Amino acid sequence: MPKSKRLYFFCVFISLLSVCCTEEVDLSLDTTDETFNILVVEATITNEFKNHRVNLSRMDTILDTQIDSTFNPFTPGRDIDRDLVKYERNAQVLVENATGITYNFNEISPGIYESSEPFAAMEGQSYTLNILTSDGKTYTSQPMAIEGFLDVDQLYAERMTNDDGEEGIGIFIDNGQASGSVNNLGFSYDETYKIVAPFWDENDFKLSNYDPCALPVPTYDLEIVPRETEQQVCYGNQVSNSIILAENNTEAGTGLNRYMIRFLNQDDFMISHRYSIEVTQMVTGSESFGFYEKLRNFSQSGNVFSQVQPGFIDGNITSVNGNVDRVIGFFDVVSVSKERIFFDYVDFFPGEPLPDYAVPCVELSSPESHVSYCFTGLTGGGCPQSIIEQVNLDLITYVRLNEGLTVGVCPGPYVFVNKPCGDCTVLGSNVKPDFWID
């Protein structure tokens with residue numbers, strides 16, 4: 001797929017019948033179509049006492065991310081989600097309850113607004129979201145309130161085979177007693193997992209005084225020194241990026257039983273060592289449920305607010321100027337219940353080989369130095385980038401001496417691997433989360 005700017009228009013025409021039309025259109029970079037200026041709002045407040053957040057962005061053309069999202073050992077990584085979102089900056093955001101109490105939100109990073117003080121949505125109280133953008137346009141939501149409460153009674157994992165015949169682990173919930181209206185449920189989850197770099201060594205390369213253009217040969221100092229930070233064991237994190245909905249059609253006062261939230265394939269890298277998942281269950285209203293159900297039908301996976309945008313779906317947020325300034329999104333007020341579990345791979349697959357690492361890991365070698373960048377007439381002879389070039393770009397980590405020069409088509413004095421294979425901080429954080437239990 002060419003890396004041209006593309007927009008996928010999803011047009012919903014509502015008359016006596018609803019028809020969905022999908023068209024792929026190539027666009028130039030300087031397009032000024034009004035579609036790109038639609039405000040996108042992500043806003044949910046809960047009965048948790050905390051600093052709540054509102055995310056604001058604009059619809060925009062989307063680059064093809066298929067290649068960008070694949071690990072490339074020759075280029076530094078990038079945060080695709082944040083690179084490709086057109087954030088709405090410098091807005092004024094506040095939430096007001098029915099008694100007139102207001103909660104102001106401050107922009108803590110581009111497009112992300114957090115309440116200046118913690119608060120919790122209260123039962124029997126309605127709340128309204130108000131937004132004033134930097135260009136002077138005002139948006140407001142319908143008043144919303146908590147409709148009911150339902151606890152997660154139990155969260156558990158079981159080894160299973162799914163409908164596609166894949167072996168893996170299912171994550172299930174059972175509910176406890178309910179109060180109020182609990183017919184419509186939404187779920188999200190936050191996964192944390194242990195990462196162990198398979199080619200970690202206590203030593204690593206240190207390059208200094210590097211001048212690739214020096215003549216007649218590059219000048220540099222390359223040392224093998226002890227690592228100064230933890231790079232063997234890290235912790236990865238991934239939040240759910242799909243819309244998970246469930247209709248609770250059980251008897252009044254009860255909830256779901258053995259409802260599967262997540263399926264993890266046996267070969268999933270995240271469960272290689274130790275894995276934890278926190279599931280958040282939200283009791284929402286029928287209007288919110290309908291909005292997210294329509295949105296889910298357009299995009300079953302991926303961050304639907306920052307990837308392919310669905311033309312237009314009416315939510316409960318409108319512009320004070322009417323349809324002149326369009327907005328997509330939903331302001332919701334919900335009750336939540338959370339549970340977390342931990343498990344190890346060996347708990348379910350004892351004696352079986354671990355899943356493959358997140359990226360392919362192969363021992364490599366290449367010449368230590370290279371031809372001066374400022375010397376003409378000679379080339380590298382078809383060899384891979386030299387060690388000092390790759391160290392300078394922070395692409396590799398040290399493994400061992402290349403004794404006997406047996407590794408690599410152009411063997412050099414050292415064996416190395418692509419950085420994620422020897423430095424887990426490429427894939428996660430070396431700081432153990434406060435909630436983590438070994």
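1. Leaving aside neighbours within four places in sequence, which residues is Ile-271 in contact with? In this predicted model, the list is Ile-169, Leu-264, Asn-265, Gln-266, Phe-343, Tyr-345 and Phe-349. Ile-271 also belongs to the largest nonpolar core, which counts 41 residues. Ile-169, Ile-171, Phe-187, Ile-271, Tyr-275, Val-279 and Phe-343 are the members that touch the most others there. Strand β14 (residues 184-196) supplies the largest share of this core, with five residues.

2. Next, a sheet to look at. Three strands form an open sheet in the order β12-β13-β19, and their pairing is antiparallel. The edges are β12 (148-161) and β19 (259-265); each has a single partner strand, so one side of each is left without a neighbour in the sheet. On average, neighbouring strands here are turned by 20° against each other, with direction ignored.

3. How many bridges join β13 to β19? There are six, and β13 spans residues 167-180. Across this sheet, Ile-171 stands opposite Arg-262 in β19. Ile-171 is also one of the residues that touch the most other members of the largest nonpolar core.

4. Now the cysteines. The structure holds four disulfides. Counting bonded cysteines along the chain, the pattern is 1-4, 2-8, 3-7, 5-6.

5. Please look at Cys-213 and Cys-374, which are joined with an S to S distance of 1.3 Å. Cys-213 sits in the loop between β15 (203-211) and β16 (219-226), while Cys-374 sits in the loop between α3 (345-348) and α4 (387-392). The two are 161 residues apart, so to speak distant parts of the chain that the pair links. Cys-213 is partly exposed, at 29% relative accessibility, and Cys-374 is partly exposed as well, at 41%.

6. Cys-361 and Cys-421 form another disulfide, with an S to S distance of 2.1 Å. Is this link left-handed or right-handed? The torsion about its S-S bond is about -95°, so the disulfide is left-handed. Cys-361 lies in the loop between α3 and α4 and Cys-421 in helix α5 (residues 419-422), so the pair ties together parts that are 60 residues apart in sequence. The relative accessible area of Cys-361 is 22%, which makes Cys-361 partly exposed. Cys-421, in contrast, is buried, at 1% relative accessibility.

7. In the disulfide of Cys-383 and Cys-410, the sulfur atoms are 2.1 Å apart. With -85° about the S-S bond, this link is left-handed. Cys-383 is in the loop between α3 and α4, and Cys-410 is in the loop between β23 (396-401) and β24 (414-418). The pair links distant parts of the chain, 27 residues apart. Is Cys-410 buried or exposed? At 15% relative accessibility, Cys-410 counts as buried, whereas Cys-383, at 29%, counts as partly exposed.

Notes: Residues are numbered from 1 along each chain as its sequence is written. This is a predicted model: local features need pLDDT of at least 70, side-chain atom pairs count only at pLDDT 80 or more; totals for chains, interfaces and linings use all residues. Side-chain values use heavy atoms; hydrogens and water are left out. A disulfide is a pair of cysteine sulfur atoms within 2.5 Å. Helices (H or I, at least four residues) and strands (E, at least two) are DSSP runs, numbered from the N terminus. Buried means under 20% relative accessible area, exposed over 50%, partly exposed in between (1.4 Å probe, protein chains only). Two strands pair if DSSP finds at least two bridges between them. Axes are lines fitted to C-alpha atoms, for helices over the stretch in contact, and angles run from 0 to 180 degrees between N-to-C directions. A nonpolar core is a set of buried Ala, Val, Leu, Ile, Met, Phe, Trp, Tyr and Cys residues joined through side-chain atoms within 4.5 Å. Contact means heavy atoms within 4.5 Å.
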